[in-house]
Amino acid sequence: MRKKLIDCRGKQSRQKVAKELKITPQMLGAIERGDRTPSLHLAKKISDYYGLSIDDIFFTSDGHDSFPDQHIL
């Protein structure tokens, strides 16, 4: 999942994307690292921002989530 989100962000700064999503850059970094699992609302905001589905970003090809046993925000 880390690679998916970082690839989606591309050359945009973490600060810019976080500002657009109305979260802190630290929160975005934690989500990108897989340290935190976004709430469904935030996952939807992220997927809308990147123009992808929640499944494409946050789930593996076998349908399992990319954040096993993580803290949900």
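In which helix is Ser 47 found? In this predicted model, Ser 47 belongs to helix H4, which spans residues 40–50. Its relative accessibility is 2%, so Ser 47 counts as buried. A polar atom of the Ser 47 side chain lies 3.0 Å from the backbone oxygen of Lys 44. Leaving aside residues up to four places away in sequence, Ser 47 touches Leu 52, Ser 53, Ile 54 and Ile 57.

I turn next to the nonpolar core. The largest one has 13 residues, and those with the most contacts inside it are Leu 5, Ile 46 and Phe 58. At least two residues of this core are supplied by each of helix H2 (14–21), helix H3 (25–33), H4 and helix H5 (54–58). The largest share, four residues, comes from H4. As for Leu 5, its contacts beyond four places in sequence are Ile 31, Glu 32, Ile 46, Tyr 50, Ile 57 and Phe 58.

Helix H2 deserves a separate remark. Val 17, Ala 18 and Leu 21 are buried in H2. Viewed down the axis of H2, its buried residues fall within an arc of 100°, and therefore line one face of the helix. Gln 15 and Lys 19 are exposed, on the face of H2 turned away from its buried side. The cover over the buried residues of H2 includes helix H1 (2–9), H3 and H4. Just after H2, Lys 22 adopts a positive phi of about 65°.

Finally, the charged pairs. How many salt bridges does the structure hold? There are five. One of them joins Lys 3 to Asp 7, with the closest N and O atoms 2.8 Å apart. These two residues are four apart in helix H1, so about one helical turn separates them. Lys 3 is exposed, with a relative accessible area of 60%, whereas Asp 7, at 47% relative accessibility, counts as partly exposed.

A further salt bridge forms between Arg 9 and Glu 32, whose closest N and O atoms are 2.7 Å apart. Because Arg 9 lies in helix H1 and Glu 32 in helix H3, this pair ties together parts that are 23 residues apart in sequence. Both partners count as buried: Arg 9 at 12% relative accessibility, and Glu 32 at 0%.

Glu 32 also forms a salt bridge with Arg 14, the closest N and O atoms being 3.0 Å apart. Here, too, distant parts of the chain are linked, with Arg 14 in helix H2 and Glu 32 in helix H3, 18 residues apart. Arg 14 counts as partly exposed, at 28% relative accessibility. Through shared partners, salt bridges join Arg 9, Arg 14 and Glu 32 into one network.

Notes. Residues are numbered from 1 along each chain as its sequence is written. This is a predicted model: local features need pLDDT of at least 70, side-chain atom pairs count only at pLDDT 80 or more; totals for chains, interfaces and linings use all residues. Side-chain values use heavy atoms; hydrogens and water are left out. Buried means under 20% relative accessible area, exposed over 50%, partly exposed in between (1.4 Å probe, protein chains only). A polar contact is a pair of N or O atoms within 3.5 Å; within protein, one must be able to donate a hydrogen and the other to accept it, and residues adjacent in sequence count only if both atoms are side-chain atoms. Contact means heavy atoms within 4.5 Å. A nonpolar core is a set of buried Ala, Val, Leu, Ile, Met, Phe, Trp, Tyr and Cys residues joined through side-chain atoms within 4.5 Å. The arc is that of the directions from the helix axis to the C-beta atoms. A salt bridge is a side-chain nitrogen of Lys or Arg within 4 Å of a carboxyl oxygen of Asp or Glu.
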